Amino acid sequence: MAGELISAYELGDLTLKNRIVMAPMTRGRCGSSGVPGEMNATYYRQRAGAGLIITEGTFISPQANGWVGAPGIFSPQQVEGWKPVVDGVHDAGTPIFCQLWHCGRASHSTFQPGNQKPVAPSEIAINSDYIHTPNGKQPNETPRALTTEELPGIVEDYRLAARNAKAAGFDGVEIHGANGYLIDEFLQTKTNERSDQYGGSLENRFRFLKEIVEAVTSVFPSNRVGVRQSPNGVYNDMGSPDYRDTFLYVAEQLAKFDLGYLHVMDGLGFGFHELGEPVTLGDYRKVYPGTLMGNCGHTKDDGEQRIADGVAELIAFGRPFITNPDLPARFENGWPLADDPPQAIWYSPGPEGYIDQPAHSA
Ligand SMILES: Cc1cc2nc3c(=O)[nH]c(=O)nc-3n(C[C@H](O)[C@H](O)[C@H](O)COP(=O)(O)O)c2cc1C
């Protein structure tokens with residue numbers, strides 16, 4: 001085993017120069033308009049040694065908003081703002097997917113149109129201390145349950161966002177189905193107590209994601225669409241007793257769509273619900289024959305091991321890309337890695353901790 005990560009990979013009709021993917025990471029540097037600017041283009045261009053870049057979570061609509069300074073892909077200004085980001089990454093011969101995001105209950109009325117309550121499958125609040133809002137830290141609110149009639153409109157927002165992503169030049173999109181945001185809330189029994197056709201059985205809880213996949217693949221070919229899942233995650237107060245059955249069922253269903261990839265946060269490095277044995281990439285492989293992307297706390301060595309074992313084709317790295325903009329070159333040349341980023345720079349607005357992270361000087 002050696003060199004698996006730096007070998008090329010054919011992702012549908014795209015050739016990735018290596019199997020190192022830059023994981024989606026919110027950095028909160030797009031201001032209140034959600035329009036990316038020059039600084040964001042510089043940041044992504046610096047990291048274009050990756051085989052594939054997945055952008056930070058990007059809002060599909062005003063209602064989807066729940067994070068200060070995160071970008072959107074629903075207004076013409078946002079589409080224009082993304083174009084130089086995409087062009088810069090393409091100049092380095094690297095494809096870039098836009099991560100489509102709806103925060104669901106992990107939002108707050110201060111983000112919402114008309115200061116309405118955030119929306120969710122059911123009226124179940126996040127049980128944690130607070131949420132960061134434009135007005136500072138606030139207690140989490142109990143969300144409003146979406147009506148059955150509202151759901152086609154949100155599916156349509158995903159379709160329009162995918163269309164906008166295409167117009168901005170993105171090679172594809174990743175549907176953010178992880179980390180306790182709206183789609184994950186529909187999938188999991190902890191947050192979905194609906195009695196309509198979107199709640200209850202596995203088939204019903206999967207319906208919302210299925211309709212979104214159908215909508216988005218009407219815009220991009222299916223091999224240009226990925227889906228992200230966090231079967232083991234506790235982030236945003238998630239974790240359901242039937243997690244194993246739920247997520248392996250969803251994977252089995254998604255396999256029918258011939259997607260570009262299924263992105264699984266298999267590692268426990270972003271929080272673990274501890275409700276049983278973690279779902280592994282090996283478990284996924286048994287039900288998902290397509291391209292699997294692993295993520296969470298992986299190192300070069302255990303990433304290579306997963307590829308050598310045949311349980312993943314691609315490995316995404318998050319935090320290492322913040323402080324190592326040239327991460328693939330460091331892996332390839334055996335150069336040392338910089339320390340993990342302190343949380344203080346994750347979301348701080350401005351260039352510090354964002355575009356000032358040095359590449360290795362040989
Ligand atoms: C600063 C920061 C922002 C993140 N934002 C997102 C995001 O927008 N969308 C998402 O799916 N995951 C997000 N994540 C999770 C990462 O994609 C990744 O799963 C996590 O960092 C674990 O991988 P790592 O150990 O390689 O960093 C974020 C993580 C960090 C540290």
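Predicted model: local features only at pLDDT ≥ 70, side-chain atom pairs only at ≥ 80, totals over all residues.

A polar backbone atom of P24 lies 2.7 Å from an oxygen atom of the ligand, which makes a polar contact (a pair of N or O atoms within 3.5 Å). The protein buries 96% of the 610 Å² that the ligand exposes when taken alone, with areas from the Shrake-Rupley method and a 1.4 Å probe.

Residues are numbered from 1 along each chain as its sequence is written, and side-chain values use heavy atoms, without hydrogens and water.

Stepping back, 20 residues surround the ligand, and N295 and G297 are among the closest; a residue counts here if one of its heavy atoms lies within 4 Å. The shell has 10 nonpolar, eight polar and two charged residues, with Gly counted as polar.

Now for the charged pairs. The model holds 15 salt bridges, each a side-chain nitrogen of Lys or Arg within 4 Å of a carboxyl oxygen of Asp or Glu. One of them joins R224 and D13, at 2.9 Å from N to O. These partners are 211 residues apart, with R224 in the loop between α5 and β11 and D13 in the loop between β1 and β2.

Key: Polar contact = N/O pair within 3.5 Å; in protein donor to acceptor, adjacent residues only side chain to side chain. Helix = DSSP H or I, 4+ residues; strand = E, 2+ residues; numbered from the N terminus.
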